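Please open the model in your viewer and keep the selection tool at hand. The tour below goes from one selection to the next and says what is found at each stop.

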Amino acid sequence: MTDRLLALLVLCVVLGSPIGFVLVLTGEVLLAFVFFYPLFMSAVWMTGGIYFWWHWERHWPWGAQRRAPTLAGEPLVTVLVPCYNEVENGAETLLAALNQNYPNVEVIAINDGSRDGTGDMLDDMALLHDRLRVLHLAQNQGKAMALRMGALAARSEYLVCIDGDARLDPDAVAFLVAPLIDNPRVGAVTGNPRIRTRSTLIGRIQVGEFSSIIGLIKRTQRVYGQVFTVSGVVAAFRRHALDRVGYWSLDMITEDIDISWKLQRDHWAIFYEPRALCWILMPETLRGLWKQRLRWAQGGAEVLLKNVRSIWGWRHRRLWPLVLELCLSATWAYSFALSILLWLLSMAVELPPHLQIASLAPPAFTGLVLAAVCLLQFFISVLIDRRYEPGLARALYWVIWYPIAYWMVSLFTTLISFPKVMLRIRRRRARWTSPDRGIKRSRAS
Amino acid sequence: MIITTERSIPGVFLDAALTALGWVCFLYLLTQGVLSIVNERPLGPDVPFWTQVLPTLHTLTVYMIVAALNGSLLLSWAMYNRRRFARADRRKSLPRLQDGALMRSFGVSQEQLAGLRSTDVAIIHHAEDGQIMDIEVLPAKVTWLPTAQPPASPGRDEVLATA
């Protein structure tokens, strides 16, 4: 009951604050917040990205000079690959995991009740590869349960978790595990996902997104010291840390956000390792992108709701800025929606002067600054990220849509997901749905 | 590694045209911004240059100060942490997780854990609440048959047939 009331309170605060804002101040001030918040965040991300590069990345050799780290004691590393209906992509994922340059690797594929022949494929592969083990879950249980079973069966303390359609770079395991061995306080390391599916505009825009926004955000959060989430598609964990926090939760729609918060609440550090590359498939249709981003937004809201009661203890103070950012992002979405509503109403009826919004376009000078900041952010991200992907600058022709696409998708997914999560009576077990992995391929280069 | 599926020429053309349009809008925003600065400045032969550009510079300075403040807050925090924890291990090194803890966390017996670790292929059955009901260790090649969903409580025969 208390949780329900709390969820309603959170919803009222996030929904009500833009309304209170506009009643106390003016509609134009609300619109100013809508335009200045992205500027504000962009400045933070660029600073964080540059600092990360200046402090760490610029010292790392790259290209032909790049060397994978040597893992002290050469410990066994377990790669966990949860698979659900992965008959098309699973084999190449497992082969990439088995063919790591680091030799002491076992791979556990967890077949989560697939219905497409994945089980047969995995069994056949297990006969051919000594270091591959297969766990079949008798019924579909969801990714979190699949990962838990992998952690139980693993022979290693170090777990690298990847999705069933992701291809690890040959040195990715070494880069992911080295920080866990070298730093006792590190509980998880998140890798650098790079997009493979680049056939449609939606796919190409995301190439820019992963460099220009997600890469800079991850670097910034690492500089700050707390990470909002590890990448569910490629991350490494210390099993002892997972055991202390109860492993992945079964009822969270995004198990990666949840485990990141659980680990950090237990004072484990999470590192970002951009050299741990993992090539991933992403949605290439608007529908697929929408479903994926809605899930991400729901995941954020669920984590906020789960933590909002207990996060305010002084010992969790370092997570407060992440809570604040999450709340501000949600407030921004509702402020934008309210601005649109007031603008429409201003055209139809006579509103009190302080509620009127004459135009939704950014004031000319703000438009100029927004455009310039976008360009600057792209430029910085290409400078930093080109070492991981030669020819990245070419992909930036398509990225012009990204500022609009990112903030608009973020706007609408927040508008829908926030009330959906806050008004839900009980959280249910999160199960798989087959994601969009790009349009049907005919040519890979 | 990169997947570029062949698409219809109109589709590709549409993407390229839309993106070109996006760049045009982007440049329009930039131009409008510059024009508004130029048009709104106080004009006249007697108005000094600095008076003309001062309002713009003032606004830009405010943006720059806010950005610098954000950035310096983040950087100060990062440097403070580096200095504070430079030589301190914030956490003692934990030993490898013991089997006892693992068995308690997952509610499995030592035999089940040993069996699971020793095999290449296993089947795990769960109850509705997520508890492990049974672990089947398979010594040989199996042919996997998925169960109907949602399951009742499946028996072994329903889920696999040994080849």
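Begin by colouring the two chains separately: in this predicted model, chain B and chain A bury about 7,600 Å² between them, and 62% of that area lies on carbon and sulfur atoms. If you now select the residues in contact, you will pick up 79 from chain B and 87 from chain A. A search for salt bridges between chain B and chain A returns zero, whereas 19 residue pairs across this interface are in polar contact, both residues having pLDDT 80 or more.

Stay with the side of chain B that touches chain A, and select helix H2 (49–84) of chain B, which gives the most to that side, with 16 residues. Other elements of chain B that each supply at least two residues include helix H1 (9–40), helix H3 (99–106) and strand E1 (121–126). Coloured by class, this side of chain B shows 43 nonpolar, 22 polar and 14 charged residues.

Next, move to the largest nonpolar core, which has 52 residues, and select Val79(A), Val107(A), Val160(A), Leu168(A) and Val173(A), the members that touch the most others. Helix H6 (residues 172–182) of chain A contributes the largest share of this core, eight residues.

Conventions. Residues numbered from 1 in each chain as written. Chains lettered and ligands numbered in written order. Predicted model: local features only at pLDDT ≥ 70, side-chain atom pairs only at ≥ 80, totals over all residues. Heavy atoms only, no water. Core = buried A, V, L, I, M, F, W, Y, C linked by side-chain atoms within 4.5 Å. Buried < 20%, exposed > 50% of the residue type's maximum accessible area, 1.4 Å probe, protein only. Helix = DSSP H or I, 4+ residues; strand = E, 2+ residues; numbered from the N terminus. Contact = heavy atoms within 4.5 Å. Buried area = accessible area lost by both parts, 1.4 Å probe. Salt bridge = Lys/Arg side-chain N within 4 Å of Asp/Glu carboxyl O. Polar contact = N/O pair within 3.5 Å; in protein donor to acceptor, adjacent residues only side chain to side chain. Nonpolar A, V, L, I, M, F, W, Y, C, P; charged D, E, K, R; others polar.
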